[in-house]
Amino acid sequence: MSRPRRVLLAKVGLDGHDRGVKVVAAMLRDAGMHVVYLGIHRTSEAIARAAVQEGVDVIGLSSLGGTHLVHAHEVIERMREERLDDVPVVLGGTVPVEDIPALEALGVRAVLRPGASRDEIVATISLAAEAARRD
Amino acid sequence: MGDSDLSRALEQAYFEAAERNETWSGLPCREFYGPEHVAGLDYGTALADPGAYPYTRGVHANMYRGRLWTRREVCGFGSGRDTNERMRFQVANGVSGLSVIDDNNGSLCIDADHPLGIPEAGIQGVSVSSLADFEAIFEGIPIDRVSVAFDISGLDSIAWMALYVALAERRGIDVAALRGTVQNDTLHFQYCGYGDSCPVDLGLKASVDIIEFCTRRMPRWYTGNVNMYDLREQGLDAPQEVAFGFGNAIEYTERAIARGLGVDEFAPRRGFYCSCHIDFFEEIAKLRAARRMWARIMRERFQAAEPRSWQFRFGVHTAGVSLTAPQPLNNAIRVAYEALAAVLGGAQSIHCCSYDEPIGLPTEASQQLAIRTQQVLAYETGVTRVADPLGGSYYLEALTERIEAEATRILAAIGAQGGMAAAVRSGWVQREIDAAIARRQQEIERNEKVVVGVNAFRQPRETETPGGVHRPPSGQGERLAEAVRRLRATRDAGAVRRALRALRECAGLGEKENLLPALIEAAGVYATVGEMLGVVRQAYGLPYDPLGTIEAPRDLAA
């Protein structure tokens, strides 16, 4: 039996809307994943550090404050610097559909928008983690 | 779809029955209500005419014939100038009150040039670091004549009061003429994602400072609007919204009395900010129940003698959380129902959400539609003619009683823990919120509640946002940060240093020493919000920077 997928969730930047990320954390735990939720107001440094310490398979960023492009860029850059680019980043939150190509171009593996179902969320995270192991 | 599928689908839909027979909050409902279900209800003591205690039917006898509700739309993005332009656009489109909100930096009381704040500057609200920003926001706006609402709750409340008074002084306006509202619900920051910036004790002290200062100097100002809306947005139900909100309101009331104010001195200038969610009758009943409860709390518990102290006056924010990202235009319909419930519930002021709220920040066009929604309601539907038009409905009166009973039970549970501040500190409030969050999610997944476009009547997701997306101009954060750096370099450094030292001195004098006079002095010489709250935090043994990133300026250290 393989070890459970390890997921790091965090809110990056100063946005305080954390209801969604808590729901996602519970969903992933229910699906048998090991979830570390870092909380609000996390910096890209703190996220990269925790990703190493926790040995996670995938990182989930929550953004409901309109700064997803800036913060996704920051986190992915930091991950590259730390040679963590094999850990995929999934972003969820209030993201206009028009921004998805730009996020993907930055290196975001997948984007989950409001209204995403439990199945979609669990499948997206699992797939990202799976892909990372194969890479 | 084949012919047999079509026939089956149509037949099934035709015979479909309403499945859910409990309210959004889970209160069970009968098929119909009659006189026996309100048999215990005495008109004189439980309802009374609109304008009479306990105000179940409204705080004014003539209600909207006396004055329509204030049509406000929350406003704030980019620089003070950007926000000023958007407010002018709103006024040109017929709003009747202004309402300003700050960005995340503002909520946390850090300046636009804070290293972690630059990308956030001007995004979720207007960027305010100093009086210079207030001068830009209110450029050409006669603040002695218009009513302004500040949609801010944390320690930014006291900073903004200082900035507004400093602005009035600069313009030679008597501060007693200022009219408006500050939310000033510092406790609510503990469960809304900004707790670090606003510790419970310092927050409560600042809240009472505002109540005290305004009671003495700004008699037309509403000193606080308890934010029941954000509680509801967290997933709590209607009775919890009332009970938790009242828990906060009671905490402020008790502390203002402890400061030495008479209840009738300040209670007439307190207000509430409610949600109006999607369950139509439940929301109307909630607002009516809240009015009756608050009147009794103020009269019986706090022995208030002034009728205005008994009155539950409130603004409504339609429920952002009821809106969906899929099929976003449906949100305009939800908002209209919710605003209608607010009016039938007797709201004093309404903000309608923009339909694109789950997608991003509102565009000019989506905000215009929100204003038009209020105008169709106010001018076309005729709902303004008669006060409390649903009063006496067997169902509504029974539901009003049910919500009051439930909210009273929860409020007693909060009281038993020593009040809301204690319940926040012990983690009880957060646990209740977390449980509610999980419950709400389950309801959608198990199809216990239908949300059109989410768990029913789905369509392929939109490939573009109808009406387009609001985009902050690129480089906005850096420009706003640069303006603050420039200000720091050009202002009278000696005056700032003296004012900040005096402020820290004052903050060190303890709980009862009102911080506002020293804050107003500092605001007037262009000390920044980050600096002002930073030295106050230091006096309270907290780090200068709530995010623990920057140090106090060297010439302020020790």
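Visitor: What makes S1(A) and S3(A) paired strands, and in which sense do they run?

Guide: In this predicted model, strand S1 (residues 6–11) of chain A and S3(A) are joined by five bridges and run parallel. Pairing requires at least two bridges, so the two strands count as paired. One of these links has A:Leu9 with A:Gly60 of S3(A) as its bridge partner.

Visitor: What does S3(A) pair with over five bridges besides that?

Guide: Strand S4 (residues 89–93) of chain A, again in the parallel sense. Here A:Ile59 has A:Val89 in S4(A) as its bridge partner. Between S3(A) and S4(A) the chain passes through helix H3 (residues 68–81) of chain A, a right-handed β-α-β crossover.

Visitor: Why is S3(A) called largely enclosed?

Guide: Because six of the six residues of strand S3 (residues 58–63) of chain A are buried. A buried residue has 20 or more other C-beta atoms within 10 Å of its own. A:Val58, A:Gly60 and A:Ser62 point one way, A:Ile59, A:Leu61 and A:Ser63 the other, and all are buried. In a regular strand, side chains alternate between the two faces of the sheet.

Visitor: Which residues have the most contacts inside the largest nonpolar core?

Guide: B:Ala159, B:Ala162, B:Leu503, B:Leu519 and B:Met532, in a core of 143 residues. Helix H6 (residues 156–170) of chain B gives the most to this core, with eleven residues. Another core, of 35 residues, lies apart from it and includes A:Leu8, A:Ala48, A:Ile76 and A:Val111.

Visitor: What does B:Ala159 touch, leaving out residues up to four places away in sequence?

Guide: B:Cys109, B:Leu519, B:Val529, B:Met532 and B:Leu533. Contact requires C-beta atoms within 7 Å, so these five residues meet that cut-off with B:Ala159.

Terms used: Residues numbered from 1 in each chain as written. Chains lettered and ligands numbered in written order. Predicted model: local features only at pLDDT ≥ 70, side-chain atom pairs only at ≥ 80, totals over all residues. Core = buried A, V, L, I, M, F, W, Y, C linked by C-beta atoms within 7 Å. Buried ≥ 20, exposed ≤ 12 C-beta atoms within 10 Å, placed from the backbone. Helix = DSSP H or I, 4+ residues; strand = E, 2+ residues; numbered from the N terminus. Contact = placed C-beta atoms within 7 Å. Right-handed = clockwise from strand over helix to strand, strands pointing away.
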